[in-house]
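Colleague: I am new to this one. Please take me through it step by step.

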Amino acid sequence: MREVMTKTMARNVFYGGSLFFIVVFLILSAHSVRYVVTESTAHAELTDSVARGKHVWEKHACINCHTLMGEGAYFAPELQNVMARWGVDDDPETAFEIMKAWMESQPTGIEGRRQMPQFHLSDDEIRDLTDFFIWVNGIDAQGWPPNEAG
């Protein structure tokens, strides 16, 4: 093999490498699309209540304290599996009642504990937030959170 690369050799390496990585990119893109369509939550039904619950989550900046599927702050618990931890992921009415009681009892006033502020949410907002958490609980998070407590 030569010690010096000719222009033709350099051009062939460039085009060959570019073609290889374009093919790899297309294969990975096709795999991602297939995964979203067949295995992720793309087929999950997003109701208006779930969308409104997401807006409540965003409006009150819950992510500034909580994490949701590992994204957010680590000041307060992970909420991806909160409905499963409470044992109400298959009972929306009980989930609403528990969420309402929890939200209305905040802050607890216990000295030395992290406190959640009182947001004065309406029953409709609490119901929407509950529906959002039930929907999030159904997402295949691929083993997240790493422990049940979040």
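**Salt bridges**

Colleague: The side chains of K59 and E125 meet in a salt bridge; what is the N to O distance?
Modeller: A salt bridge puts a side-chain nitrogen of Lys or Arg within 4 Å of a carboxyl oxygen of Asp or Glu. K59 and E125 meet this way through their side chains, with an N to O distance of 3.7 Å.

Colleague: Which helices does that pair of K59 and E125 tie together?
Modeller: Helices (H or I, at least four residues) and strands (E, at least two) are DSSP runs, numbered from the N terminus. The K59–E125 bridge, at 3.7 Å, spans two of them. The pair ties together parts that are 66 residues apart in sequence, because K59 lies in helix α2 and E125 in helix α5.

Colleague: What kind of model is this, and what pLDDT do local features need?
Modeller: Residues are numbered from 1 along each chain as its sequence is written, and side-chain values use heavy atoms, with hydrogens and water left out. This is a predicted model: totals for chains, interfaces and linings use all residues, side-chain atom pairs count only at pLDDT 80 or more, and local features need pLDDT of at least 70.

Colleague: Is K59 buried or exposed?
Modeller: Buried means under 20% relative accessible area, exposed over 50%, and partly exposed in between (1.4 Å probe, protein chains only). K59 has a relative accessible area of 59%. So K59 is exposed.

Colleague: R52 forms a salt bridge with D128; how far apart in sequence are the parts this pair ties together?
Modeller: The closest N and O atoms of R52 and D128 are 3.0 Å apart. R52 lies in helix α2 (residues 48–59) and D128 in helix α5 (residues 123–137), so the parts tied together are separated in sequence by 76 residues.

Colleague: Of that pair, is D128 buried or exposed?
Modeller: R52 is partly exposed, at 42% relative accessibility. D128 has a relative accessible area of 8%. So D128 is buried.

Colleague: By what part of a helix are E58 and K54 separated?
Modeller: E58 and K54 form a salt bridge, their closest N and O atoms 2.3 Å apart. Both sit in helix α2, 4 residues apart, so their separation is about one helical turn.

Colleague: How many salt bridges are there by this rule?
Modeller: K100, E104 and D123 are linked in a network of them. By this rule, the count is 6.

Colleague: Is T130 buried or exposed?
Modeller: T130 lies in helix α5. Beyond four places in sequence, T130 is in contact (heavy atoms within 4.5 Å) with M83, P92, A95, F96 and M99. Its relative accessibility is 1%, so T130 counts as buried.

Colleague: With which side chain does the side chain of D89 make a polar contact?
Modeller: D89 is in the loop between α3 (82–86) and α4 (92–104). A polar contact is a pair of N or O atoms within 3.5 Å; within protein, one must be able to donate a hydrogen and the other to accept it, and residues adjacent in sequence count only if both atoms are side-chain atoms. At 3.5 Å, the side chain of D89 makes such a contact with the side chain of N137.

**Backbone**

Colleague: Near what omega is the cis peptide bond from W144 to P145?
Modeller: P145 lies in the segment after α5. The bond from W144 to P145 is cis, with omega near -5 degrees.

Colleague: Near what value is phi of A61?
Modeller: A61 lies in the loop between α2 and β1 (67–68). Its phi is positive, in a residue other than glycine, and near 50 degrees.
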